[in-house]
Amino acid sequence: MSLWRSRRTGYYIGLVVVTTVVSTLVYNYGIATWENDPQPLFRSLGIVFQSFTTTGYGEDAGWATPQMYILTIGLQVMGIGLILTAVDVFAVPWLRNALSTTAPTAAPDLEDHVIICEYTSRGEAFIEELESRGQEYVVVESDEGTATELHETDRRVVHGDPESIDVLENAGIERATAVVADSADDTNASIVLSAREANPDVRIATLVEDQRLGEYHRIAGADEVLSPRQLLGESLAHRVPTAVTTAVDEGVEIGNGLELVELSIAEGSDLCRRTAGDVRLRERFGVDGIGAWIDGEFESPIPPDRELDTGTRLLVAGDADRIDALRSEAASTVQPFSARHVVIAGYGEAGDAAGEALAETDSRVTVLDSADKEGVDVIGDARDPAAVRETGIDDASAVIVTLDDDTTAIFATLVARDLNPSVDIVVRANDAESEQKLYRAGADYVQSLATVSGRMLASTVFEDEEVLAVDRQIDVVKLPAGRLAGRTVADADVRSRTGCTVLAAVRDGETIVEFDPSSFVLESDDAVVLAGTDESVQSFESQFLA
């Protein structure tokens with residue numbers, strides 16, 4: 001609202017008028033009655049304004065009666081009060097508006113950038129990837145508060161409606177390399193139509209909540225439609241040991257027989273409660289220990305004195321046959337033969353995908369959801385112990401939590417762990433920062449939707465980047481050698497500088513997995529296959545690619 005049209009301004013003007021009129025009448029009466037010096041009202045008005053503005057009293061100064069002195073002192077105090085009130089009504093709002101940070105409405109200086117519509121936690125992971133690569137970007141955000149906050153934290157942002165062609169043009173869409181639509185499914189379709197009209201040649205990728213609506217994004221003109229929720233749901237199901245699967249995930253094939261595998265240490269296995277130094281992965285099994293997840297934290301390399309307890313997940317690389325030998329050692333010596341019972345809490349896109357993946361095994365699945373819909377076995381709140389007991393959690397071997405709110409997921413994890421201390425709890429986190437809370441609440445495995453989405457977008461937008469394991473806790477990615485060219489991996493000290501492990505080199509389309517890191521010199525056209533956390537991969541990108 002305009003300052004001059006605000007209610008406070010009206011009240012203040014009214015106060016000045018009333019105070020001035022009353023003061024003029026009282027002063028005119030006092031000067032005539034107490035001082036026996038009658039004068040016109042306009043002269044008394046002038047004296048009142050001199051008093052209010054603290055400029056003096058002119059020829060009226062020096063009264064004979066105490067009543068006039070008291071009156072004039074009162075006029076001075078009222079004048080000071082009106083001045084201070086005027087500062088609060090006019091000056092303070094004006095200064096606040098003049099000095100406050102406002103988000104820009106255009107980005108005229110950007111070229112070859114990525115436009116992100118709008119800002120979400122999923123987009124945040126992608127932005128971190130862009131910044132690590134030195135790739136220009138701008139976020140188009142319709143919410144003024146969010147846009148201002150992004151601007152204050154030095155994010156490139158344009159405030160406006162991403163469905164508007166004019167706003168997209170202000171964001172420089174005619175000079176952009178890609179547009180990412182990350183809003184509601186119907187809004188994304190509208191963004192695609194606007195973006196395609198503003199720049200028919202720009203590459204457009206969308207994130208879809210409901211996979212069934214992805215086709216309409218393609219019809220609208222999207223080049224890539226990504227469904228991270230479904231992929232993550234399937235991934236969570238694969239983390240659940242069943243009667244016909246092992247406690248180890250399918251490996252990521254690097255090339256020439258090399259696989260990267262996440263492997264769980266099971267209770268009762270030959271490796272349980274032994275230190276990494278005692279296990280001797282390289283000497284006994286011929287595999288390289290890349291790192292291990294312990295209490296949700298990834299440690300690389302694995303400290304020799306680190307005890308491999310139940311729930312520890314190893315990340316190892318090696319030949320498939322050798323990994324199979326390690327797998328048998330890590331598995332429990334007691335194997336169940338009956339179908340395992342799995343509880344799914346939350347039956348949205350991810351929960352449905354997890355259920356379909358488990359349907360291919362002989363697992364017995366019970367679905368808990370707050371809504372009465374097809375496929376739901378128990379209707380109730382995952383935070384309600386009574387509803388969770390109704391699912392039969394007492395005899396369940398695993399619980400998959402796929403809820404839309406992380407706070408709810410954390411509480412549901414606490415309830416599940418309390419009701420069955422030995423159950424495996426696999427959880428989808430919407431925001432990466434919730435992962436550690438979920439681990440502390442009792443989760444055995446947590447995967448972030450934001451992380452998966454960011455990896456999928458990076459693999460789609462960057463032509464020189466190939467993410468080999470989108471849905472894993474670890475990031476496995478093929479990247480250009482960049483500033484590693486002309487150097488060896490050992491000389492560049494990649495692992496200690498970034499936390500990444502170089503698994504292989506790619507030269508002329510051939511993946512080289514057996515090379516001496518101290519003598520193999522990388523060339524400018526080479527690529528490297530890295531394994532590490534998202535933060536360590538971003539560190540590699542910032543040091544060797546940005």
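This is a predicted model: local features need pLDDT of at least 70, side-chain atom pairs count only at pLDDT 80 or more; totals for chains, interfaces and linings use all residues.

Author: Two packed helices are described by the angle between their axes and the distance between the axes. Here the axes of helix α4 (residues 121-133) and helix α17 (residues 449-461) come within 7 Å and cross at roughly 50°. Angles under 35 degrees count as roughly parallel, 65 to 115 as roughly perpendicular, so α4 is oblique to α17. The crossing of these two helices is right-handed.

Reader: Which residues of α4 and α17 make the contact?

Author: On the side of α4 they are Ser-121, Arg-122, Ala-125, Phe-126 and Glu-129. From α17 come Leu-449, Ala-450, Thr-451, Ser-453, Gly-454, Leu-457, Ala-458 and Val-461. Sorted by class, the contact of α4 with α17 has seven nonpolar, four polar and two charged residues.

Reader: At what angle do α9 and α13 pack?

Author: Helix α9 (residues 228-238) and α13 pack at an angle of about 45°, and their axes are 7 Å apart. They are therefore oblique to each other, and α9 passes α13 in a right-handed crossing. Arg-229, Gln-230, Gly-233, Glu-234, Ala-237 and His-238 of α9 meet Glu-349, Ala-350, Ala-353, Ala-354, Ala-357 and Leu-358 of α13. By class, this contact has six nonpolar, three polar and three charged residues.

Reader: Let us turn to the sheets. In what order do the strands of the sheet with β16 and β19 lie?

Author: A sheet is read from its strand order and the sense of its pairing. This open sheet of six strands has the order β16-β15-β14-β17-β18-β19, with parallel pairing. Its edge strands are β16 (378-379) and β19 (445-448), each of which pairs on one side only. Within the sheet, β14 (residues 341-345) and β15 (residues 364-369) pair in the parallel sense over five bridges.

Reader: Which strands does helix α13 lie across?

Author: Helix α13 (residues 349-359) lies across β14, β15, β17 (398-401) and β18 (424-429), running at about 165° to β14. Helix α15 (residues 406-419) also packs on the sheet, where it touches β17 and β18, and its direction makes about 175° with that of β18.

Reader: Where is Asp-395 placed, and which residues does it touch?

Author: Asp-395 is in the loop between α14 (385-390) and β17. Leaving aside residues up to four places away in sequence, Asp-395 touches His-341 and Arg-364. Its side chain makes a polar contact with the side chain of Arg-364 at 3.2 Å.

Reader: Why is one side of β3 and of β6 left without a neighbour in the sheet?

Author: These strands belong to an open sheet of six strands in the order β3-β2-β1-β4-β5-β6, with parallel pairing. β3 (157-159) and β6 (224-226) stand at the edges with a single partner strand each, so one side of each has no neighbour in the sheet. Neighbouring strands of this sheet are turned by 20° against each other on average, direction ignored.

Reader: How many bridges join β4 to β5, and which helices pack on this sheet?

Author: Four bridges join β4 (residues 178-181) to β5 (residues 203-207), and these strands run parallel. Val-180 stands opposite Ala-205 in β5. Among the helices packed on the sheet, α5 (residues 144-152) touches β2 (137-141) and β3, its direction making about 155° with that of β3. Helix α7 (residues 185-198) touches β1 (114-117), β4 and β5, and its direction makes about 175° with that of β5.

Technical notes: Residues are numbered from 1 along each chain as its sequence is written. Side-chain values use heavy atoms; hydrogens and water are left out. Two strands pair if DSSP finds at least two bridges between them. Contact means heavy atoms within 4.5 Å. Axes are lines fitted to C-alpha atoms, for helices over the stretch in contact, and angles run from 0 to 180 degrees between N-to-C directions. A polar contact is a pair of N or O atoms within 3.5 Å; within protein, one must be able to donate a hydrogen and the other to accept it, and residues adjacent in sequence count only if both atoms are side-chain atoms. Angles under 35 degrees count as roughly parallel, over 145 as roughly antiparallel, 65 to 115 as roughly perpendicular and the rest as oblique. A crossing is left-handed if the near helix is turned anticlockwise from the far one by less than a right angle, and right-handed if clockwise. Ala, Val, Leu, Ile, Met, Phe, Trp, Tyr, Cys and Pro count as nonpolar, Asp, Glu, Lys and Arg as charged, and the others, Gly among them, as polar.
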